Amino acid sequence: MTQITQQQILDAFKFRAATRAYDPNKKVSREQMAFLLELARLSPSSVGSEPWQFLVVESAEIRAKLKPFCWGMAGGIDDASYIVFILAKKNVRYDSPDLVDSLKARNLSEQELQATIDVYRTFQRDHIKVLENERTLFDWAGKQTYIALANMMTGAAMLGIDSCPYEGFDYAEVNRILSEAGLMDSEQFGVSVAVSFGYRAKTISQKSRKPAAQVVRWEK
């Protein structure tokens, strides 16, 4: 495997910036977008739940319907090469069919399968306490989607591709539009977060970050 240096990784992180204006004449290739989606697919998730789908929106028609309700991405929704809505799975319980199927794919014995389900039940019920209602379960699944989001954005930066994450939209309306367009099953999924990809239309000032001394603590 080709060795990537620490400096190359740092350079990619320093290059990445919230891109709100994209060059409409410069497009990310479908092959590159497929690569970024593969990074998302391969991302880790709590208890291996993979509680997500990645919805790629390209058409001007769908974007036009979304735009009035997506104030946070107003500057990029027209010209970004791709808009990806990351959907979070609803009701990902320890005993839900999807999660049990993912456990079965690990070729566990019946005894091992039941023991693992019991561990996950204790984890969800007593430790992280997400079994209280549908909202707490959805929020837990939504947390996992941000791991995939970060991996996509970091991979994009290492390829010189710009991106911007979004929460600034009317979730109810976006869910409705995507559902009515037949692009998502609103009974099974809900929008967690969105991200755009493309190439910046103008120079972006270097971002400011707090110094390490303020945000990093080492045990001593």
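Four strands make up an open sheet, ordered β1-β2-β4-β3, with antiparallel pairing. Strands here are DSSP runs of E with at least two residues, and helices are runs of H or I with at least four residues, both numbered from the N terminus. Two strands pair if DSSP finds at least two bridges between them. The model is predicted: local features need pLDDT of at least 70, side-chain atom pairs count only at pLDDT 80 or more, and totals for chains, interfaces and linings use all residues. Residues are numbered from 1 along each chain as its sequence is written, and side-chain values use heavy atoms, leaving out hydrogens and water.

At the edges sit β1 (52-57) and β3 (162-166), each pairing on one side only. Neighbouring strands are turned by 25° against each other on average, direction ignored. β3 joins β4 (residues 189-198) through five antiparallel bridges. Pro 165 stands opposite Val 195 of β4.

Now turn to α2. This helix packs on the sheet and touches β1, β2 (82-89) and β4. Its direction makes about 165° with that of β1. Angles run from 0 to 180 degrees between N-to-C directions, and axes are lines fitted to C-alpha atoms, for helices over the stretch in contact.

α2 (residues 30-41) also packs with α6 (residues 134-158), at an angle of about 140° and with axes 8 Å apart. The crossing is right-handed, meaning that the near helix is turned clockwise from the far one by less than a right angle. Met 33, Leu 36, Leu 37, Leu 39 and Ala 40 of α2 make the contact with Ala 148, Asn 151, Met 152, Gly 155 and Ala 156 of α6. Contact means heavy atoms within 4.5 Å.
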